[in-house]
Amino acid sequence: SIQSRFEQLGAHKNTWEFLYIIFNLPEHDTLVKHSMNLHNTLENEDQNDINGIDLCVELEYIKTLLPKDVPSPKAVLEYMYQSNTSDLFPNT
């Protein structure tokens, strides 16, 4: 049971980790790879929750708008809500 949980946590980390380092995003090609991996992970039959390419572009742009004291993905979402920019970044 512990091994299974450890593997699940590793898979979660590999899928979502890049979102926790918004001020230190990987280079564009790597960011596209991570975004498309998330796109594929969230895919259900023909339905996608996000567009991986658009997510990549949004992350690169929103990074330039964020104050430096936004430490976490939750804080990014709160900033987007408070600044009324959430409609500009639907994938984020």
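Glutamate 45 lies in the loop between H2 and H3, where helices (H or I, at least four residues) and strands (E, at least two) are DSSP runs, numbered from the N terminus. This is a predicted model, in which local features need pLDDT of at least 70 and side-chain atom pairs count only at pLDDT 80 or more, while totals for chains, interfaces and linings use all residues. Residues are numbered from 1 along each chain as its sequence is written, and side-chain values use heavy atoms, with hydrogens and water left out.

I remain with glutamate 45 for a moment. Its phi is near 55 degrees, a positive value in a residue other than glycine. Glutamate 45 is exposed, with a relative accessible area of 72%; exposed means over 50% relative accessible area, buried under 20%, and partly exposed in between (1.4 Å probe, protein chains only).

A second residue belongs beside it. Asparagine 84, not a glycine either, has a positive phi of about 55 degrees. Asparagine 84 is found in the segment after H4 and is exposed, at a relative accessible area of 68%.

I turn now to helix H2. Spanning residues 28–41, H2 has 14 residues and reaches 20 Å from its first C-alpha to its last, close to the 20 Å expected at 1.5 Å a residue; the expected span is 1.5 Å times one less than the number of residues.

Which residues of H2 are buried? They are Leu31, Ser35, Leu38 and His39. These residues lie on the same side of H2 because they cover an arc of only 105 degrees around the axis, the arc being that of the directions from the helix axis to the C-beta atoms. On the other side of H2, Asp29 and Lys33 are exposed. The cover over the buried residues of H2 includes helix H1 (2–16) and helix H3 (52–65), with contact meaning heavy atoms within 4.5 Å.

My last topic is the largest pocket. A pocket here is an open set of points on a 1 Å grid over the protein atoms alone, where a 1.4 Å probe fits, with protein on both sides within 12 Å along at least five of seven lines; lining residues have an atom within 4 Å of a point. The lining comprises 16 residues, and Trp16, Leu19, Pro73, Leu77 and Thr92 lie nearest the centre of the pocket. H1, H3 and helix H4 (73–82) are the elements that give two or more residues to this lining. H4 supplies the largest share, four residues.
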